[in-house]
Amino acid sequence: MLKAAVPTALVRAVLVLAAFALLPAAAARAQQQPAAGQTIGSNSKLPVPRYVSLKSDRVNLRAGPAKDHRTLWVFQRAGLPVEITAEFATWRRIRDSEGTEGWVLHSLLSGRRTALVTPWDRDKGKPATPLLARASENADVKARLEPGVIVSIETCDGAWCRISVRNVQGYLQQGRLWGVYPDEVIE
């Protein structure tokens, strides 16, 4: 009876360790589950649509998913947020904040989350958006951000995002940003 108990205990210990080893992978898969209106990309296995940013200062936007398709536009700003709307092999169809769409190689995109501050207010003479010290409309103003400024997203709770720009951190209402979905939570 003692001989049977040792292997059984050993088997249980191995199973427990294996379960703990699989937890991070299961958690990662759970975070990648599509929200309403999203599907899973056939190549990346990530939700589509989703926001990403440009990895390089020079990214060719092409008419189709191959290098022999004509270049529609050249993005010249690393960190610019774009939305992936489709996937084909190593290509991603993206859309920028102005609605321009085309295809780029996936290697030119980064999962780093960035956003544009009120890009819809450009050229309209609207006042700069206050960057607040806390997630409250009554908080102290740390800076004022012009429309179109690129910010790095640290977290979002569905209503407010903690962002940084040039080593200044603060909070913006989520609805003032292009690069996050309404009610999206980013941890």
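Colleague: Is Cys-161 buried or exposed, and at what relative accessibility?

Modeller: A word on the source: this is a predicted model, where local features need pLDDT of at least 70, side-chain atom pairs count only at pLDDT 80 or more, and totals for chains, interfaces and linings use all residues. Residues are numbered from 1 along each chain as its sequence is written, and side-chain values use heavy atoms, with hydrogens and water left out. Buried means under 20% relative accessible area, exposed over 50% and partly exposed in between, with a 1.4 Å probe and protein chains only. Cys-161 therefore counts as buried, at 0%.

Colleague: Which residue forms a disulfide with Cys-161?

Modeller: A disulfide is a pair of cysteine sulfur atoms within 2.5 Å. The count by this rule is one. The sulfur of Cys-161 lies 2.0 Å from that of its partner, Cys-156.

Colleague: What is the hand of the link between Cys-156 and Cys-161?

Modeller: Start with burial: Cys-156 has 4% relative accessibility, so Cys-156 counts as buried. The angle about the S-S bond is 105°. That makes the link of Cys-156 and Cys-161 right-handed.

Colleague: How far apart are the ring centres of Tyr-51 and Trp-178?

Modeller: Rings of Phe, Tyr and Trp (its six-membered ring) pair if their centres lie within 6.5 Å; planes under 30 degrees apart count as stacked, over 60 as edge-to-face and the rest as tilted. By this rule there are two aromatic pairs. Tyr-51 and Trp-178 form an edge-to-face pair, with 80° between the planes and a centre-to-centre distance of 5.0 Å.

Colleague: How far apart in sequence are the parts that the pair of Tyr-51 and Trp-178 ties together?

Modeller: Strands here are DSSP runs of E, at least two residues long, numbered from the N terminus. Tyr-51 lies in β3 and Trp-178 in β16 (residues 177–178). The pair therefore ties together parts separated in sequence by 127 residues.

Colleague: Why is the pair of Tyr-51 and Tyr-181 not called stacked or edge-to-face, but something else?

Modeller: Tyr-51 is buried, with a relative accessible area of 10%. The ring centres of Tyr-51 and Tyr-181 are 4.5 Å apart and the planes stand at 40°, so the pair is tilted.

Colleague: Which residue, together with Tyr-51 and Trp-178, makes up the cluster of ring pairs?

Modeller: Trp-178 has 13% relative accessibility, so Trp-178 counts as buried. Ring pairs link Tyr-51 and Trp-178 into a cluster with Tyr-181.

Colleague: Glu-83 is in strand β6. With which side chain does the side chain of Glu-83 make a polar contact?

Modeller: Glu-83 has a relative accessible area of 8%, so Glu-83 is buried. A polar contact is a pair of N or O atoms within 3.5 Å; within protein, one must be able to donate a hydrogen and the other to accept it, and residues adjacent in sequence count only if both atoms are side-chain atoms. At 2.6 Å, the side chain of Glu-83 meets that of Tyr-181.

Colleague: What is omega for the peptide bond between Val-48 and Pro-49?

Modeller: Pro-49 is in the loop between β2 (47–48) and β3. The bond joining Val-48 and Pro-49 is cis. Its omega is about 5°.

Methods:
Helices (H or I, at least four residues) and strands (E, at least two) are DSSP runs, numbered from the N terminus.
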